[in-house]
Amino acid sequence: MTEEIHWYPMRVTYSRELQAKAFLDSIGVESFIPMHYVPVEGKHPRHQVLKPAITSLIFIHACQKSITELKMTKRELSSLRYIMFPVLDDNNNVLRKDILTVPDKQMENFIKVASVYDDRVFYMENLEFAGKPGQRVKVVEGDFAGVEGTIKRVKKNKCVVVQIENVVAVAIAFLPAAFLLPLDNEKK
């Protein structure tokens, strides 16, 4: 097990992600849950509550050894499950499954976008995007300044998409072209 601190996307059984986050916050472990506002049925049309945008998902910033120890010893965190991804050989045969981690810069971009709770930001369940991979860009002005992503066509609109591979993607709609700086497509 690694002693290096990484961002670990994790599944939480039975939608207990808010309880897990509250416990992690109480013991000083950094975590993040993408949230969004959801209208409450039967209430005033503008009445909304803040809920997790992706059910049963939490990101934890710690070392694997600490997370595993917490999962084993703290009842409040026993519902956490690592997200695994397959490591393939040249013939696309699965060699093994590794625990998924998210690079700090990618997570920083994701948090910056996912921390905005208005209609400019939306989450995508289907991570298969229409068309070929687009131009990588950096947002240079506005609320999302500093965020790097890829221009994609989503629901017939051009959006800047920040994706955490194999986990989730969030898109920024309504960005003027003047706010975008093209990046070298090789850079991630």
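A residue is buried when its relative accessible area is under 20%, exposed when over 50%, and partly exposed in between, with a 1.4 Å probe and protein chains only. By that rule, N92 is exposed, with a relative accessible area of 59%. This is a predicted model, so local features need pLDDT of at least 70 and side-chain atom pairs count only at pLDDT 80 or more, while totals for chains, interfaces and linings use all residues. Residues are numbered from 1 along each chain as its sequence is written, and side-chain values use heavy atoms, with hydrogens and water left out.

**Overall form**

- The protein has 3 helices and 14 strands. Both are DSSP runs numbered from the N terminus: helices are H or I with at least four residues, strands are E with at least two.
- For 188 residues, a compact globule would have a radius of gyration near 16 Å, and the 18 Å of the protein agrees with that. The radius is taken over C-alpha atoms, and the globule rule is 2.2 Å times the number of residues to the power 0.38.
- Along the principal axes, the C-alpha atoms fill a box of roughly 55 × 50 × 30 Å.
- Buried residues make up 39% of the 188.
- The protein exposes about 11500 Å², and carbon and sulfur atoms supply 51% of that area. Accessible areas come from the Shrake-Rupley method with a 1.4 Å probe; for residues, only the protein chains shown count as cover.
- Contact means heavy atoms within 4.5 Å. Among contacts between residues at least 6 apart in sequence, 64% join residues at least 24 apart.
- The 26 positive and 23 negative charges have mean positions 5 Å apart. Lys and Arg count as positive, Asp and Glu as negative; His and the chain ends are not counted. Each charge is placed at NZ of Lys, CZ of Arg, CG of Asp or CD of Glu.

- Helix 1 spans residues 17–26, and its buried residues are E17, A20, F23 and L24. They cover an arc of only 125° around the axis, which puts them on the same side of helix 1. The arc is that of the directions from the helix axis to the C-beta atoms.
- An α-helix has 3.6 residues a turn, so residues three or four places apart point the same way.
- The cover over these buried residues includes strand 1 (5–12), strand 2 (30–32), strand 4 (48–52), strand 5 (57–63), helix 2 (64–73) and strand 6 (80–82).
- F23 sits in helix 1 and has a relative accessible area of 15%, so F23 is buried.
- Beyond its neighbours within four places in sequence, F23 is in contact with K74, E76 and L77.
- F23 and L100 are 77 residues apart along the chain, and their C-alpha atoms are separated by 22 Å.
- G28 follows helix 1 and has a positive phi, near 80°.
- S31 belongs to strand 2. S31 is buried, at 9% relative accessible area.
- Not counting residues up to four places away in sequence, S31 touches W7, K21, L24, D25, I58, F59 and I60.

- In helix 3, M107, N109, F110, V113 and A114 are buried. Seen down the axis, they fall within an arc of 160°, so they line one face of the helix.
- V116 lies in the loop between helix 3 (104–114) and strand 9 (121–124). V116 is buried, with 17% relative accessible area.
- Leaving aside neighbours within four places in sequence, V116 is in contact with V121 and F144.
- V116 and I172 are 56 residues apart in sequence, and 9.8 Å separates their C-alpha atoms.
- V161 is in strand 12 (residues 157–164). V161 is buried, with a relative accessible area of 3%.
- From V161 to F122, the C-alpha distance is 9.7 Å, across 39 residues of sequence.

**Positive phi in loops**

- Most residues other than glycine have a negative phi, and most peptide bonds are trans.
- S56 is not a glycine, yet its phi is positive, about 65°. S56 lies in the loop between strand 4 and strand 5, and at 14% relative accessibility S56 counts as buried.
- N92 is also a residue other than glycine with a positive phi, near 65°. N92 is in the loop between strand 7 (84–88) and strand 8 (94–99).
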